[in-house]
Amino acid sequence: MKRVFLFLLTNMAIMLVLTIVTSALGINKFLTANGLNLPMLLAFSAVVGFTGSFISLLISKPMAKWSTGAQVIDTPQNETERWLVASVQRLANKANIGMPEVAIYQGEANAFATGAFKNSALVAVSTGLLESMTKEEVEAVLAHEVAHIANGDMVTLTLIQGVVNTFVVFLAKVVGYVVDRMVLGNKNDAPGIGYYVTDIICQLILGVLASIIVAWFSRQREFRADAGAAQYVGTPTPMVNALRRLGGLEPGELPKSMAASGISDKAGVMALFSSHPPIEARIAALQNRT
């Protein structure tokens, strides 16, 4: 229920911002009697493409806490919590970033990092991860998440998604216009039903193809985060052991908005859409560092 509500809330916010921005800038009238105004359409597409990405980024921390039930450790209550906070602080100092919030949530073995800014991010680990790994392995996972923050991965992926979204919207509307005017022969000034139907279908198809591109970029940054973990803890061995252990466990499912910064991965036919490389490939990359 929370995830459905968050989805609806995010889309309402996006629609509100788009309405205000496009009206204020006067870039929502790219269909003219003389045809498409391509510069105006490109500007409109950029606003649509980047607005959703940046709204998602800006609300990523509260959404993560809400959707996973993660509890931020304000004052450590036990030895485990004290160790977690101290470990993240030590790793953050090595990465030269501000101390992230540290949280624990109920679930199978997994972890994630999120947040719009390097110096006010969030690192969360599941109870399953704490129960199934040694301290050295948990520290390596924490270092992996801190590396995501230090590398600016959340912002980078947001920018990539915004660029991809821009071209999806732009191309979909161009194809919709061509089909409406040249294929279906609409001679009216206003676009016909063919334009709207084609636009929707093209956005769906191009959106799927675009997700493959974004997933590829995401997989590359996972190797960087693994390398960062090895650097921060001084050896790749704990991260290798953590990945091996994860390979024998069922990683906990994360909300889609969080999955790109977690430690789980997919296999099989969905590999092209996976935000994470296969665990075997990540282990091989780490072992090649030794």
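Reply: Here is a walk through the packing around helix α8.

This is a predicted model, where local features need pLDDT of at least 70, side-chain atom pairs count only at pLDDT 80 or more, and totals for chains, interfaces and linings use all residues. Numbering starts from 1 along each chain as its sequence is written, and side-chain values use heavy atoms, with hydrogens and water left out.

Start with α7 (residues 153-183) and α8 (residues 193-233): their axes come within 8 Å and cross at roughly 155°. Axes here are lines fitted to C-alpha atoms, for helices over the stretch in contact, and angles run from 0 to 180 degrees between N-to-C directions. The pair is therefore roughly antiparallel, the word for angles over 145 degrees. The contact of α7 with α8 divides into 17 nonpolar, 7 polar and 6 charged residues; Ala, Val, Leu, Ile, Met, Phe, Trp, Tyr, Cys and Pro count as nonpolar, Asp, Glu, Lys and Arg as charged, and the others, Gly among them, as polar.

Now for α11 (residues 279-287): α8 packs on it at about 45°, with the axes 10 Å apart. On the α8 side, Glu222, Phe223, Asp226, Ala227 and Ala230 make the contact (heavy atoms within 4.5 Å), and α11 brings Ala281, Arg282, Ala285 and Leu286. By type, this contact of α8 with α11 has 6 nonpolar, no polar and 3 charged residues.

Definitions and conventions: Helix = DSSP H or I, 4+ residues; strand = E, 2+ residues; numbered from the N terminus. Parallel < 35°, antiparallel > 145°, perpendicular 65-115°, else oblique.
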